[in-house]
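Please open the model in a viewer and keep the selection tool at hand.

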Amino acid sequence: MKNIVSILAAVALAAQSASGHYIFQTLNKGGSGGTAYQYVRRNTNMNSPVTDLASNDMRCNVGGATGGSTSTLALNAGDQFTFTLDQAVYHQGPVSLYMSKAPSTAATYDGSGDWFKIYDWGPKFGGGSAQWTMTASYSGTIPTCIPAGEYLLRIQSLAIHNPGATPQWYISCGQVKVSGSGSKTPSPTAKIPGAFKATDPGYTANIYNPSFTSYTVPGPAVFTC
């Protein structure tokens, strides 16, 4: 009987742990909607996070090195797009959007080239606390000045809710084909892995410390046209 109780307790604990996880499943032109994994590369680790900063899984999650059967979404420079999750982001921390231009097609690109950041959702401070944007969908805009071509469009949630433990990365990559007449070379850029370090203040921050009154999102500065 004791063994059965122990097993049930372990299962309940595992279920509770998994319920706090989430995954970006859908990419859509405009607002939320669309079909899960139609334009987002399907990962193979369920909704579990990536924690190894040196792993290539930091690019597009576990199992996301190639497009497989993923389709590529046609967007114009300046178009709005939206990533939607299986459930709202559950853990405090920043959410960021990155892009990387494919040498040929997005479907065959492994993300080993240069990445540039196009948006951060960081904390807003007020009333003695930090407020994080924790929602079920995140919308961004394709920069108007970037060259036409196929890109990986990457979204990440960095969960820093448990100070002292290893932070968690929830990552997905969409595939997009951008049309437009832009010619600006995005900068600054960074490689992934390599863009994020264990010594980054935004990686090691204790969000419950009373002195937590400012925050710098890890990674390069946001590229603007």
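Begin with the largest pocket of this predicted model, which holds about 200 Å³ of space. Select G128, S129, A130, I207 and F212: of the 13 lining residues, these are the closest to the centre of the pocket. Next, colour strand 6 (124–126) and strand 7 (129–131), the elements that each give two or more residues to the lining. By residue class, the lining comprises seven nonpolar and six polar residues, with no charged ones.

Now turn to the cysteines, where there are two disulfides. Select C60 and C173, which are joined with an S to S distance of 2.1 Å. The torsion about this S-S bond is about -80°, so the disulfide is left-handed. Because C60 belongs to helix 2 (residues 57–60) and C173 to strand 10 (residues 168–179), the pair ties together parts that are 113 residues apart in sequence. C60 is buried, at 3% relative accessible area, and C173 is buried as well, at 0%.

C145 sits in the loop between strand 8 (137–141) and strand 9 (149–159), and C225 in the segment after helix 3 (201–204), so parts 80 residues apart in sequence are tied together. Which of the two classes, buried or partly exposed, applies to C225? C225 is partly exposed, with a relative accessible area of 48%, whereas C145 is buried, at 12%.

Finally, select the bonded cysteines together and follow them along the chain: their pattern is 1-3, 2-4.

Technical notes. Residues numbered from 1 in each chain as written. Predicted model: local features only at pLDDT ≥ 70, side-chain atom pairs only at ≥ 80, totals over all residues. Heavy atoms only, no water. 1 Å grid on protein atoms, 1.4 Å probe; cavity = no way out; pocket = protein on both sides within 12 Å on 5 of 7 lines; lining within 4 Å. Points joined across faces, edges and corners; volume = space filled by probe spheres on them. Helix = DSSP H or I, 4+ residues; strand = E, 2+ residues; numbered from the N terminus. Nonpolar A, V, L, I, M, F, W, Y, C, P; charged D, E, K, R; others polar. Disulfide = S-S within 2.5 Å. Buried < 20%, exposed > 50% of the residue type's maximum accessible area, 1.4 Å probe, protein only.
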